[in-house]
Amino acid sequence: MLCFIPIGLLQIVHGPDVWEFRLLRKPPVVVLLLLAIVLLSAGLAWLWQWRQRGRRGDRLYRSGERLHAIFQTLCVLYLAFSISDYGAAKILGTQFQPPHYVLERPIGELNGFWLTWTYYGFSRGMALILGWTQIIGCTLILFRASRLIGLFILLPVMVNIDLIDNFYHISPVANFNALHYTFFLVVLLLIDWPLLKAVFLAYGVNVRYPGLLNALKLLVIALAFIQIAHLKGSWPPRSKLVGVWKVDSLLQKGQMVVPADHRGTVWSKLYIEWRYGCVFKYDPDRFQDKDPGGPYTLDEKKAFIKMKFESEDEGDSLQAHYTFVTDSTVVMRGLYKTDSILLYLTKMPDRGKAE
């Protein structure tokens, strides 16, 4: 336990320093921390066996009881203070508050940290629920009678935070904190293993064919996968056209126009999505209500696409044959409403892809 608490206590006093971030980014330090977890687990197992070896009333038994009580108290106080600190930050509005220069950036340019902060900061109510859940759980673990309820509240929250911190690269210190808080919560939960075993593993079903019954229960889960797989199979396959295309130039009503010279007045980008239709964008940096968009149909054998834009004009559509000049350049020739149109497109690199 002494391997984990010092960094947490230092953060309470002055916040995480640069050396802490550098320390937790080094693989040898991570290995040492994992080794510390193993040693601590072995120490806890030895302490438990020592406690059980003595008979009630023996000096050895009483010593084990005292050490066990001290360990639980230290764990509980440390966890309650540390996790409540994060809960209070959510309630008082010091967490999930991205700055304006982040909010005005395209979402595809955000890293995992700012993406998470923007997402959770969108709803003040959600932040309050998360914060109060942590506060209530920490309050409950302070008292022996309600500790198990508090652990059942805090563990799902902390496991979720562990996953977010790891896969969204929040920060090494935050990831370290969440992991060792979760570890201590699991330790406190396992202290009541005999009670948990009696509650969750003692129940049995007296039926003739228990294996068949269990298979039928699991079939419900399999049916859910089958349903989604069938739905996915009904969608059209991904096309090479799916992606973001820059309009280099377009010929409409007999005039060749370069969007860069007519910013905001002609189409500058075309978004063709796999499941969400298509959108032509006027301004290259922001979306507007006037941007036409809607569903499309695609015939790859004939190299033909038809887009139906959502507007009051029934004839607001574009239909064109397309030709791949290269893998990243396309020429479209067809009709927009009743006028002929020629589009020269260049595919833009994908942004915001998961690692």
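Tutor: Helices here are DSSP runs of H or I with at least four residues, and strands are runs of E with at least two, numbered from the N terminus. The model is predicted.

Student: How many helices and strands does the protein come to?
Tutor: There are eleven helices and ten strands.

Student: And what share of the residues is buried?
Tutor: Of the 355 residues in the protein, 37% are buried.

Student: Helices next. How do α7 and α8 cross?
Tutor: The axes of α7 (residues 124-141) and α8 (residues 147-167) come within 7 Å, at a crossing angle of roughly 140°. Roughly antiparallel requires an angle over 145 degrees, so α7 is oblique to α8. The crossing of α7 past α8 is left-handed.

Student: Which residues meet there?
Tutor: From α7, Thr 133, Gln 134, Gly 137, Cys 138, Leu 140 and Ile 141 take part. The residues they meet in α8 include Arg 147, Ile 149, Gly 150, Leu 154 and Met 158. By class, the contact of α7 with α8 has ten nonpolar, four polar and one charged residues.

Student: Now α9 and α10: what angle do they make?
Tutor: Roughly 70°, with the axes of α9 (residues 172-191) and α10 (residues 193-200) coming within 5 Å. The two helices are therefore roughly perpendicular to each other.

Student: What makes that contact?
Tutor: Leu 189, Leu 190 and Ile 191 of α9, with Trp 193, Pro 194 and Leu 196 of α10. Those residues divide into six nonpolar, no polar and no charged.

Student: Change of topic. Where is the largest nonpolar core, and which residues have the most contacts inside it?
Tutor: That core has 27 residues, and those with the most contacts inside it are Trp 267, Ile 272, Met 307, Leu 318, Met 332 and Leu 343. Strands β1, β3, β4, β7, β8, β9 and β10 each supply at least two residues of this core.

Student: What does Trp 267 touch?
Tutor: Leaving out residues up to four places away in sequence, Trp 267 touches Val 247, Leu 250, Pro 259, Phe 280, Lys 281, Tyr 282, Pro 292, Leu 318, Tyr 336, Ile 341 and Leu 343.

Student: Which residues are in the other core, the one of 24 residues?
Tutor: Among them are Met 158, Phe 183, Phe 184 and Val 187, and this core lies apart from the largest one. Met 158 is also one of the α8 residues in the contact with α7.

Methods:
Residues are numbered from 1 along each chain as its sequence is written. This is a predicted model: local features need pLDDT of at least 70, side-chain atom pairs count only at pLDDT 80 or more; totals for chains, interfaces and linings use all residues. Side-chain values use heavy atoms; hydrogens and water are left out. Axes are lines fitted to C-alpha atoms, for helices over the stretch in contact, and angles run from 0 to 180 degrees between N-to-C directions. Angles under 35 degrees count as roughly parallel, over 145 as roughly antiparallel, 65 to 115 as roughly perpendicular and the rest as oblique. A crossing is left-handed if the near helix is turned anticlockwise from the far one by less than a right angle, and right-handed if clockwise. Contact means heavy atoms within 4.5 Å. Ala, Val, Leu, Ile, Met, Phe, Trp, Tyr, Cys and Pro count as nonpolar, Asp, Glu, Lys and Arg as charged, and the others, Gly among them, as polar. A nonpolar core is a set of buried Ala, Val, Leu, Ile, Met, Phe, Trp, Tyr and Cys residues joined through side-chain atoms within 4.5 Å. Buried means under 20% relative accessible area, exposed over 50%, partly exposed in between (1.4 Å probe, protein chains only).
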